Number of protein chains: 4
Amino acid sequence: MIIRLKNNILETQAAQLAAEHQAFLIHEDGFFQLITGSGVKELPQNLEAHTEQFWVFNDDMQLASKKYRATTREVTIGNVTIGGNTGNTLLIAGPCSVESEEQIRQSSELLKGLGLTALRGGCYKPRTSPYSFQGLGLEGLKLLAKMREEYGFAVVTEARDATHIDEIIEYSDVIQIGAKAMYDQGILRASAKTQKPVLLKRGFGSTLQETVQAAEFMLSGGNPNVVICERGLRTFETKTRFTLDLCGVAYLKEYTNLPVILDPSHAMGYAYGVPDLARACVAMGIDGLLIETHPNPKVAKSDASQQLNHQEFEQLLGSLRPVAAAVGRKIV
Amino acid sequence: MIIRLKNNILETQAAQLAAEHQAFLIHEDGFFQLITGSGVKELPQNLEAHTEQFWVFNDDMQLASKKYRATTREVTIGNVTIGGNTGNTLLIAGPCSVESEEQIRQSSELLKGLGLTALRGGCYKPRTSPYSFQGLGLEGLKLLAKMREEYGFAVVTEARDATHIDEIIEYSDVIQIGAKAMYDQGILRASAKTQKPVLLKRGFGSTLQETVQAAEFMLSGGNPNVVICERGLRTFETKTRFTLDLCGVAYLKEYTNLPVILDPSHAMGYAYGVPDLARACVAMGIDGLLIETHPNPKVAKSDASQQLNHQEFEQLLGSLRPVAAAVGRKIV
Amino acid sequence: MIIRLKNNILETQAAQLAAEHQAFLIHEDGFFQLITGSGVKELPQNLEAHTEQFWVFNDDMQLASKKYRATTREVTIGNVTIGGNTGNTLLIAGPCSVESEEQIRQSSELLKGLGLTALRGGCYKPRTSPYSFQGLGLEGLKLLAKMREEYGFAVVTEARDATHIDEIIEYSDVIQIGAKAMYDQGILRASAKTQKPVLLKRGFGSTLQETVQAAEFMLSGGNPNVVICERGLRTFETKTRFTLDLCGVAYLKEYTNLPVILDPSHAMGYAYGVPDLARACVAMGIDGLLIETHPNPKVAKSDASQQLNHQEFEQLLGSLRPVAAAVGRKIV
Amino acid sequence: MIIRLKNNILETQAAQLAAEHQAFLIHEDGFFQLITGSGVKELPQNLEAHTEQFWVFNDDMQLASKKYRATTREVTIGNVTIGGNTGNTLLIAGPCSVESEEQIRQSSELLKGLGLTALRGGCYKPRTSPYSFQGLGLEGLKLLAKMREEYGFAVVTEARDATHIDEIIEYSDVIQIGAKAMYDQGILRASAKTQKPVLLKRGFGSTLQETVQAAEFMLSGGNPNVVICERGLRTFETKTRFTLDLCGVAYLKEYTNLPVILDPSHAMGYAYGVPDLARACVAMGIDGLLIETHPNPKVAKSDASQQLNHQEFEQLLGSLRPVAAAVGRKIV
């Protein structure tokens, strides 16, 4: 249950009520609000006098629900706002991994030339084998920060586990929570305590319900700036790396108030399919797109097969704009 | 292996060679062609003198492969051709089940008014429970035939099992093979012996490889007019009915020469998601779309939740045209 | 709803009531019974006077439900009865495909020597490629019949599609419905009209609910002798061919009255894992086991990798008996 | 590649060689060993003189491979050794969550009375909703430590994320890595630096290959005491909570040298199916079993539906011993 307290309630009083009812306490839209589990179906009697409005839910998708907030939340990434009535589809691009200053600078030049504003690049790679390239770590974060300095980008990079979440929060403009880390409460709870936007990737074995509930960790912890990213499910089909779940995206758009970003690169796993899929994603009317591009995919240290080269990326961008226009949106 | 015999080879001679090499024999592009399993990697010596050209394959996706035929096959449905360089995206629409003359006539009027030419409607419903509505059977086929008479539509209806495949071949302009019947060799073999277009639905638990191999049953049996329909995989996600596999569509477009039609209605299972998904499908640059629409979905005898009403359908069509244009295609 | 009519109701009268209520009519346990869809929750008023007892259900698992019949049905295969309180676990064994008289005779000799009574062998192979070995067809059925003549076995062979279901019913002692044919209503309806035992394999992409509902086609059609066979689900894991669903078996044992047979050979896909899995299956307390064994697996025309050779099979059988004894059962 | 250096190589020298070849360095079986990625297929020339033996691999399952070590590793948990030729199947039991001293003491009394030695209980619960019971945390760990003091048990409890892995290593006798944390490199890397046994649960969406590779993080980091736990895959089937993958267990037993423990409670999700499944697991010849039991399951704060009550647990244990004996093993 979400309980919006009257606006004459002071913070200390609100905190006391929250403690009493084992509820989370957030401040949103000018009100203090208590959030209990969805098992609570009736407004506690001693709260009646203090309550402005309250919402009852069938399950633990509460703050993320359209029932609570009928329009998509606005989230600002760098100097672009997505969600709400902006009609913006933010294109976040860059290499799978930050590999060197030269490489990430080449990516930056590409984006700059195309008028894009959000640069991605992994520094802590969630590789499944200890024998693979694990990322540049802090050194990579510093390179991203340098690109931000020089080019004015918002930088987006991923937290692999809780041991370096503080670094990610410090250096990145968007806290990306990787698909393999979606249940990581160390990351979720730390991300709840900042106001930085969070890009929460759905796990490839995770239900929509679990994904939205992972977002609730941050929403109920005080960070309203959460964006969900669908990047493909693991299914029995092995010709492609994953199966992008656009039916799930339709569900998220209908029932939740969270902006949705799609990652066709990881879903497909092969560069040849990325352009068609990216156009399909844009036609869904989504809030953003994550595309991997590398100056020279063949020598990439991770995900070599799925990254577009710069020429392919530029062509793709050219083809996305008319599709966006056809559904009343704009690629930014 | 596909072995294209020289064009001076007579049919009896070709048949003899086919028998000798346990190969299928087809006539395509003006040549007799032998098709063996893909295990055959070297041209048999005694065929060398008779061979115009031959193709070796890694697996049993042979006649359907881009390696054999670099462009998508053209298939004609009613008076519309899809595939090749036509740029056509054929919209096949109508109710889940044919329920009555009044109902199917209402659907026909809708299509007619919108300039559409392909009417779908199930007569033999592959219900998983014996206690559900099983379809009108032959009576339904006759109603479809009547609509074709009156409105000039191509009608599309599904074979549920081999017991009525002859009726389907007789009455339907397109032999639809349902997802649950994809492995049904009674249907596949019968469909191979006609030239009527076949709409082969991928099973919800079937791999891309198996689906293309099911198409090979018809291609190697002499029917070149096969179209594949993706209609969603069964995954762990239960908020939507199935998971539409657009990554798989990207694969099919890259590696096979078969036109691809998409069915977002069955994938989603809920009308609210169909428009977004349909636009995404069109943006993939596909050859056709299957959309369920019913004069009054609430009283539909099957799949009530996923059928659009006529007004929703008309709005959808209006929104599809600009998306198609944005990717250089046309809804027909 | 299942409505057991009073035992003074005559067949013609029962048939009339069935027609009136659009219900299936069967005769079981000495009573005529009407079976409607589970949507019917209240006994129709005009049936009250004629009704001995009735059962209401949440879904279309009705005749198969423990709620209707608290103990597992007894089904007789050859001269062995399984289910009920028999404690029998029937071991059905033999090659994947019947390949020649010599081969199937070798299998027969093996079984005979080990005191086994049920011989399996495929004649119509549901291969996914037209270029693979498709089975001996009728010739194979005749070889199986010959083995029955000579050795007294019950023979078990699979219907691939509805075109040859009559032959299967004629020649086989058990109508095996393959996993790929589980939804084939041509087969299901034909199998409903005989009293021969039916071994219904769960599709690898089929839910437990759908599988039990497929059984209901036969139960409601008048054939009470249905056995369910679990043979593995298709999952994302590719190191093994399928994933044997023993959790599902626990469900079937708890909620349905149908005997359950397991097929670890197809689930695993590799001979090395079959013995461990077969022991696990027996420890589940199941009614039967389907094991593929071939005189010389290396040259088998289908499923070469998963068939045990005769020595391995004999060792396996030796190890199964003590496991069966440990759970109070007997391998027969 | 695993490179076993000659036994006259000193540690400093070995470390230098490891650095030079970007290899992990471990000391096992009396030798220093370098471990590189499996991409290295030929012994580097400058190592030839220092190499005692080396192993080449197809993929990154190296130290865990039967090719490297032909028999299952021995791992000691409390005063019981599993793996090797011990024939031991360790039964680890206790409640899902530690809820109070009274509750965990009741569980301890149960185990003590039955002669069992390994107590499980969760303190940091990986709940998918922020609104569910999250565990007692450190307070729970202290209760487990108290039980160890008093009863002499080995205690087994789970790390949810990297923020409390040090506490787990300090308090628990076995570091359990939960299914949702299988990719958590913060946990994996910390667990690699101790010699405490690690119970690595396979993620419900994780392949066997990934699971074994997660084990390689610890093996290559210097901790040889890794046990894999299979606890069910997430599939399309919803009648049970997960699908226990015994085919996968057969694979692990054939190809890896890691002991395998099974968790039928989480796989099934319902107490009714646990006994049958537990017997099946034991019949697989596995090294251990994890069973949830609670003094009063109905009031359990997590996983109420799947925990056995104490009487059911005692009955189960009684039925497991003969099954174990039938496959030449012993429940300890």
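In chain A, 4 residues of domain 1 are in contact with 4 residues of domain 2, where contact requires C-beta atoms, placed from the backbone, to lie within 7 Å. Please keep in mind that this is a predicted model: local features need pLDDT of at least 70, side-chain atom pairs count only at pLDDT 80 or more, and totals for chains, interfaces and linings use all residues. Residues are numbered from 1 along each chain as its sequence is written, while chains are lettered from A and ligands numbered from 1 in the order in which they are written.

**Domains of chain A**

- Domain 1 covers 2-55 and domain 2 covers 75-331 of chain A; these bounds come from an automatic or database domain assignment.
- The centres of domain 1 and domain 2 of chain A, taken over C-alpha atoms, are separated by 35 Å.
- On the side of domain 1 of chain A that touches domain 2, the largest share, 3 residues, belongs to strand β2 (residues 24-28) of chain A. Strands (E, at least two residues) and helices (H or I, at least four) are DSSP runs, numbered from the N terminus.
- That side of domain 1 of chain A has 3 nonpolar, no polar and 1 charged residues. For these classes, Ala, Val, Leu, Ile, Met, Phe, Trp, Tyr, Cys and Pro count as nonpolar, Asp, Glu, Lys and Arg as charged, and the others, Gly among them, as polar.

**A helix pair in chain A**

- Helix α9 (residues 274-283) and helix α10 (residues 310-326) of chain A have axes that come within 9 Å and cross at roughly 25 degrees. Axes are lines fitted to C-alpha atoms, for helices over the stretch in contact, and angles run from 0 to 180 degrees between N-to-C directions.
- α9(A) and α10(A) are therefore roughly parallel to each other (angles under 35 degrees count as roughly parallel, over 145 as roughly antiparallel, 65 to 115 as roughly perpendicular and the rest as oblique).
- From α9(A), the contact uses A:Pro275, A:Ala278, A:Arg279, A:Val282 and A:Ala283, and from α10(A) it uses A:Leu316, A:Ser319, A:Leu320, A:Val323 and A:Ala324.
- By class, the residues of this contact of α9(A) with α10(A) are 8 nonpolar, 1 polar and 1 charged.

**Chain B with chain A**

- 35 residues from chain B and 35 residues from chain A make up the contact.
- On the chain B side, α7 (246-255), α8 (264-268), α9 (274-283) and α10 (310-326) are the elements that give two or more residues, and α7(B) gives the most, with 7 residues.
- The side of chain B that touches chain A holds 21 nonpolar, 7 polar and 7 charged residues.
- Superposition is by least squares on the C-alpha atoms of residues with pLDDT of at least 70 in both copies.
- The copies meet through the same surface, because 100% of the interface residues of chain B are also interface residues in chain A.

**Chain B with chain C**

- This contact takes 29 residues from chain B and 29 residues from chain C.
- α5 (185-192) and α6 (208-221) of chain B are the elements giving two or more residues to the side that touches chain C; α6(B) gives the most, with 6 residues.
- That side of chain B divides into 8 nonpolar, 13 polar and 8 charged residues.
- Chain B is superposed on chain C (RMSD 0.0 Å) by a rotation of 180 degrees with 0.0 Å of shift along its axis.

Methods
Contact = placed C-beta atoms within 7 Å.
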